[in-house]
Amino acid sequence: LGYLEALRLAEGNVRLSAALEAAEAHQALGRFQEAGELADLVLQVPEAPQALRERALAIRLEAGIELGQPETLGVTPSSAHEPRLRLALARTLPPAEARRLLGILPANLEAPAHLILARGWLIEGHLARAQAECEMYLDGGATPPAGRFQARLLLSQTLWRQFKLQDAWEALGEGPSEALPAWFTALHEAAKAALALDMGDLTHAERLLGGALVLSEEAPGPCFERVSSVYLRFLEESGQLAEARSFGEAAVARTPTPLLLAHLALVYALTPGQEAALMLDRLLRGLDGVETSEVRALCALATGFRARYEGLPARSYLRQAALLARKVHHPTLYFYALIALGQELEAQAPQKALALSQYLLSQTAGRGFEVGHGYARLLRAQTLMSQGREAASLLEFTPITPLAKTWRAALQGNTVSDDPSASAQTLNGYGILGVWARWLSRSTGANIKAERSPSEKDIKQ
């Protein structure tokens, strides 16, 4: 960077200005650690002009946020004179306050303001507005590579949360610019892997995650958290709970964020045994008080799964998980919470289970969520068959996961699936869901009853 040569040769305020120009250039290329270090050169000079100090504070604050190391710099919006610092401070404020602050920025800062507004609208669930802000940013000219990549990620997320799976995939586009650090590629591949899981392409998701895991090893905390959470989901859905426990514990040891802890709680909720129950209880206690809806939804889902397994009432937990997932517009969690709730309702309120299964079928049909739609078909078939009604047409599809294959085989009246991927050994990898699948497979399609769900004692039978 030419700024670095100017920095080496210049003195006084010219040198400080060169440091800030170099910091901005590094920031545009996603080199946030270097940007923060260059900003510190200015902050270490007591006699630096206030305008330069505030620009340096803005860069340092933004770099810390991107690296997952946000700082409290003792600066308030009312005390900030530089618009650049007010822009950075907006990222630390609740969305409504940020919007008020961003309304008085000069025109040259409108482009980065679009991304801050988009994040705020996304947090508040105003997805169309978040989408519009992302599109305005991307339609603008002269936006930096790091910003354009972040805008594409945000746009993809807003579309996914609107159940527009294919549009979300297309919004991601090709990989990030080669000028950006390698961990940007890890974020891109993890985002695609998450969508591939929804689409039912587990093989592609695994391939994408293989590269993302390597690239995220030395990545900032937010990138590592994102890649790790998607990989944990892949291990859960493909029936690899032992690997999920091992990986999840290592991930939490490295970056103990509430989201990773909640995913690990779900892994332990699905794991049979008293030791897993104790670990689940410990994790849930540690997450008590976290207000993030996605974390709370994962915790409620974990509690509901475990309650069903232990023969305890689970309805309220699963309903809470579904409501929280809907609040945060999380399609995957929403579908899975409703599928589990449908299983719980089948014995307690058959008509509600029928209505819920039909709702799930309509919500997942034609939207690309192939795994969720497959489970919705199976739930609908089971609820109909438990009431003695015909459901053969619902079973005319290709299940994707070993769990779905076993479930369909049981409903068709087969005690063992012909597919080796649905073997007893594979089902063990689903933990308590595998216990349920084996219990169901001992029934026949014509004799499905909604009397109870299997519990821990079924493992020994």
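Author: Buried means under 20% relative accessible area, exposed over 50%, and partly exposed in between, with a 1.4 Å probe and protein chains only. This is a predicted model: local features need pLDDT of at least 70, side-chain atom pairs count only at pLDDT 80 or more, and totals for chains, interfaces and linings use all residues. Residues are numbered from 1 along each chain as its sequence is written, and side-chain values use heavy atoms, with hydrogens and water left out.

Reader: Is Phe-149 buried or exposed?

Author: Phe-149 counts as buried because its relative accessibility is 2%. Phe-184 is buried too, at 1%.

Reader: How many aromatic pairs does the whole structure hold?

Author: Rings of Phe, Tyr and Trp (its six-membered ring) pair if their centres lie within 6.5 Å; planes under 30 degrees apart are stacked, over 60 edge-to-face, the rest tilted. The search finds 13 aromatic pairs. One of them joins Phe-149 and Phe-184 edge-to-face, with 5.3 Å between centres and 65° between planes. Phe-149 belongs to helix α9 (residues 145–161) and Phe-184 to helix α11 (residues 182–199), so the pair links parts of the chain 35 residues apart, helices being DSSP runs of H or I of at least four residues, numbered from the N terminus. Ring pairs also tie Phe-32, Phe-149, Trp-183 and Phe-184 into a cluster.

Reader: Which charge lies over the face of Trp-121?

Author: A charge sits over a ring if NZ of Lys or CZ of Arg is within 6 Å of the ring centre and within 35 degrees of the ring normal. Arg-99 lies over Trp-121 at 3.9 Å from the ring centre, and the charged end of Arg-129 sits over that ring at 4.6 Å.

Methods:
Helix = DSSP H or I, 4+ residues; strand = E, 2+ residues; numbered from the N terminus.
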